[in-house]
Amino acid sequence: MLFNSIEFLIFFPLVTGMYFLLPHAYRWFWLLAASCFFYMTFIPVYILILLITILIDYFAAIYIVETSGAKKKFFLVLSIISTCAVLFVFKYFNFFNDNVAGLARFLHWNYPIESLKIILPIGLSFHTFQSLSYVIEVYKGRQKVERNFGIYSLYVMFYPQLVAGPIERPQNLLHQFYEKHKFRSEDVTFGLKLMLWGMFKKIVVADRLAIYVNAVYDNPTKHDGLTLFLATIFFGIQIYCDFSGYSDIAIGSARVMGFKLMTNFNRPYFSKSIHEFWSRWHISLSTWFKDYLYIPMGGNRVTKILWYRNLFVVFIVSGIWHGANWTYIIWGALHGFYLVFGLVTLEIRKKFAGLFLSENSKILKLVKIVVTFLLVSFAWIFFRARSFTDAQVIISKIFTHPGKLFVDGETKIHLFYAILAIAMLLAVEVKREFCHGKITLFESKNIYVRFSVYAGLIIVMLLMGVFDAGQFIYFQF
Amino acid sequence: MPGNLFTFSSNKIFVIKVLALCFILVALDFTLGKGLEKIYFSQKSGKFFRTRSAIETTRADIVFFGSSRAIHHYDPRIFLSLLGVPAYNAGARGQDIVYAYSVLQGILHRYTPKIVILNLDTRIFKKEGKFERLSDLAPFYRNHPELRPIIERKSKFERVKLLSYLYTYNSTILHFLNYAIKPQLDYDGFFPLRSMADAAEMDEPVGVVPSYTDLDAEYMVFYENFLKDTLNSGAKMLIVISPGLAAAGEHAFINPAILKAKDLKIPVWDYSNDDHFVGHRELFADHAHMNETGAKLFSSLIADRLGGEYPEFGFKPTSF
């Protein structure tokens, strides 16, 4: 069930309404049942895979607290390996197998193992990471073990963030299932506004841009550099609106029931460096990697070389997490390179910029924002391209063959809709980033202003939205 | 305590506000939607105007159907001047057999043309975005019951979505503005292209007719129904494969769509390898579409053959 579907429009009020009507003692069970139903609307049998992950980590955590020393560590390692094995089989086996088969062909070896014919379970990487974070936190002693199997299952399966995050931590989410949430109009209003804005980002901006991006990226050889450049910029905005739109709907729908999920996006394209970008983009994943990979490897409390290695490794793993394809690995490596290069050249860049502009100059800030956006957009080429060869073609054409912009009759109109949608998005994002509190729309104390904004947004969605219930990009991860 | 939804007065006020907002939204949806309806049905040019003309106003004896390769290839003025019979081009850019079938239902609901001509190519069987372009027909949902079952194929809950007047006119506003600023003139549905194909287009195959596996089964049903409904209405049915800049090759003759037409004793006129057109860049705007010069020549050729082969309509043979 997609958030941008009529099914969800029926499911959400029904689940929320029943949640508040039921006695507190039964609410967790209702949410768990609703979450199972939500997940089973994709591929029903795949709930068994989720059950395996849940069972492994539920019992592993109990054994971890009931043992000590080497045994305790053994259960942690066992849990991590078993959970990751499920992820490997469904997400990475074919990629691994194809590469080994390719190598075998190159060396003229006989390699008989065939690829698996399976579909990747939706959101597998998300709930795997959420489940792992629980076991690790229990091992570290920062989280009490959860003995109620139903509540633990709900922690992994809570429907708003089940298939595309935010990847929650047990300290933030688990205790909320025990709290009695009253119907609070403030929570409901906040949640619904967030959902409305998320829906706008998804159906008005992301899905509209997708029309142009797909047309161009599906046939990169037929388009000139200018078109490919525009499609790349559009994809950067599309993926932001798609994913942050999903996160907004997830956080909003949880908030309506009184649950507070972590922030996942904080206007990342206003970042002035790649480092800042990663503190504002997919925050729940970035902090997961920071807590469970970067810091255990030593973080920045090691020699400079090891520090750079740590950063690079984290981003390579981040690339692999996103998808079983070399293009994702290159995307991750590029970001790792950006970060390391940024650190190595920090002093030189500061001195150079200081020759022309002061550190607080608005122009310098703007230049930094634009450069960061362009660097991130360049990396998106690998993320979106169907293959490494396509990415090569796109990059080569952008830099060597600008040519003409692809605009025929219908495309021209789609482009206008896209530009209009981006302008609306930008107006709101700029206001929130730079004019905080000066102009209020959603938060206005004047009910007429608020109602006008709500009604206006819904009218814009009905008139300009793309209503083909397009899949969310991050579902595939 | 269960059922504590309305314990606090602030929550009651909240519910009243939600209901008020819902009422405002319904009122706005209706009034703005009605305004858009008025604009839509008063269009004087552009794709909405052409769709409306085909479904609601034309009474032409010859009606052409198909994708962009129909709308740019058949000039009704030629048919009127050579045969003395009014014709209408109901082809539509980017559209498929489902759209053609829908428009045919709108036409057959009002009258029976003498002959229906379907321009056959792969585009009318396109698989990507299946049923998506049916949104072009949404404005006809309320007043054309004959189109409802087809429009409802767009999505599972299309019937519910179309309760909204604004949704009915989704993605139309910029078209209205575009056509108001720059009218897209047509000649009884025919929309001429006025450029000439680049030399690079010479080798691009049109893909006039693909192999069987490329044809979508659901679309084949629409195609078959298109042919049968036309025949059942009493109109003659003719299939034409118009030429591309490059020759289509022999695969054109093994196409199941052609075989299906032949099963139903429907003539198929194949011009995909016609020497008058293939390789003549001056007659094409791009590899797949003829320009106005090419369309006039092609229309004359078809009109001439129609005059010769359908004398029962009073078509007069010309001397092409």
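Analyst: Two strands pair if DSSP finds at least two bridges between them. Strands (E, at least two residues) and helices (H or I, at least four) are DSSP runs, numbered from the N terminus. The model is predicted: local features need pLDDT of at least 70, side-chain atom pairs count only at pLDDT 80 or more, and totals for chains, interfaces and linings use all residues. Residues are numbered from 1 along each chain as its sequence is written, while chains are lettered from A and ligands numbered from 1 in the order in which they are written.

User: How many bridges join strand 4 to strand 5 of chain B?

Analyst: Strand 4 of chain B covers residues 236-241 and runs parallel to strand 5. Ile239(B) stands opposite Val268(B) of strand 5. The number of bridges joining the two strands is three.

User: What is the handedness of the crossing of helix 4 and helix 12 of chain B?

Analyst: Helix 4 (76-83) and helix 12 (292-309) of chain B pack at about 40 degrees, with axes 9 Å apart. They are therefore oblique to each other. A crossing is left-handed if the near helix is turned anticlockwise from the far one by less than a right angle, and right-handed if clockwise. This crossing is right-handed.

User: Which residues of helix 4 of chain B make this contact?

Analyst: Residues are in contact if their C-beta atoms, placed from the backbone, lie within 7 Å. On helix 12 of chain B, the partners include Lys296(B), Ala303(B) and Leu306(B). On helix 4 of chain B, the residues are Ile78(B), Phe79(B), Leu82(B) and Leu83(B).

User: Which element gives the largest share of the side of chain B that touches chain A?

Analyst: In total, 28 residues of chain B contact 25 residues of chain A. Helices 1, 7, 8 and 9 of chain B each give two or more residues to that side. The largest share, eight residues, comes from helix 1 of chain B.

User: How many helices and strands are there in chain A?

Analyst: The C-alpha trace of chain A spans about 70 × 65 × 50 Å along its principal axes. Its elements are 18 helices and zero strands.

Terms used: Axes fitted to C-alpha atoms, helices over the stretch in contact; angles between N-to-C directions. Parallel < 35°, antiparallel > 145°, perpendicular 65-115°, else oblique. Contact = placed C-beta atoms within 7 Å.
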